[in-house]
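This report looks at one strand, its neighbours and an aromatic pair. The sequence and structure follow.

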Amino acid sequence: MKKVIFAFLLLVAASCNKSNHDRNIPSSEAKTGDTNSKNTSATKKELFRKFLTKFSPIGLPYVFRETGDSSADYKGLKKLNKNSIDTLFAKAEFFDETYCLGMLSDTSNFYALVFLQPASEHYPVLATYTKEGKLIGQEDLINGACGSDCGLVECTMTGIIMKDFSILSVDSIRYEYSCDTIGNPVPNSGELIVIRKNGRVQRNGEILMDKEKRTETKINP
């Protein structure tokens, strides 16, 4: 009888040990998962800090103006590199031809970076990020209306970020005349076109832009 009771107790003890072991496995795995998640987050934050070293501080107000009269000199500015950590954070169609212009210095809850992306001329793009490096929003700072149309005599593109983080984008295009289908000037067809857009960077870093407003004024000789 004693042997039977002893064997029974051994079975009960083995069952309890197995149950405790099974309960401990998920807990251990959860702790490992939490640690890995924290390590990944910390690593990305460190990489983002390294990415930010490409940008020099920019004070507000920031003003960009392009007249198309001469090519700007961007010597000294670093470019994005598609074979580096830059791809984790930057968003650009022509990656290796995009300059890292600077970082707005008056932010507190987010980072605001200005890139110069290529077109006929480089143009500024504002991108905002969380402190951990997650992209919040990205917007062009100019409307990009300038070109080389027939009769065009002057074109200016201006983008401004004010001290209160309001944004103003104005393109001004003046035509001495328009042209017909074979390129001949049309009499009394001079025109001034102004394209305007307003916006603001919110306290959480979100960029909100109004719809584009366009005015056309006839200019007679």
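Strands here are DSSP runs of E with at least two residues, numbered from the N terminus. The model is predicted.

## Strand E5 and its partners

A hairpin of five residues joins E5 to E6. E5 and strand E6 (residues 123–129) are antiparallel and share seven bridges; in E6, Tyr123 is the bridge partner of Gln117.

On the E4 side, a hairpin through six residues leads from E4 to E5. Strand E4 (residues 99–104) pairs with E5 in the antiparallel sense over four bridges, and Gly102 has Val114 in E5 as its bridge partner.

## Burial of E5

E5 is largely enclosed by the rest of the structure, because seven of its seven residues are buried. In a regular strand, side chains alternate between the two faces of the sheet. Both faces of E5 are covered: one side carries Tyr111, Leu113, Phe115 and Gln117, the other Ala112, Val114 and Leu116, all buried.

## The Phe48–Tyr111 pair

There are nine aromatic pairs by the ring-centre rule. Phe48 and Tyr111 make an edge-to-face pair, with 5.6 Å centre to centre and 70° between the planes. This pair links distant parts of the chain, as Phe48 lies in helix H1 (residues 2–52) and Tyr111 in strand E5 (residues 111–117), 63 residues apart.

Phe48 counts as buried because its relative accessibility is 0%. Tyr111 is also buried, at a relative accessible area of 10%.

## Surroundings of Tyr111

One aromatic cluster is formed by Phe48, Phe51, Phe55, Phe89, Tyr111, Phe115 and Tyr129. The charged end of Lys131 sits over the Tyr111 ring, 4.1 Å from the ring centre.

Key. Residues numbered from 1 in each chain as written. Predicted model: local features only at pLDDT ≥ 70, side-chain atom pairs only at ≥ 80, totals over all residues. Heavy atoms only, no water. Phe/Tyr/Trp six-rings, centres within 6.5 Å; stacked < 30°, edge-to-face > 60°. Buried < 20%, exposed > 50% of the residue type's maximum accessible area, 1.4 Å probe, protein only. Lys NZ or Arg CZ within 6 Å of the ring centre and 35° of its normal. Pairing = 2+ DSSP bridges.
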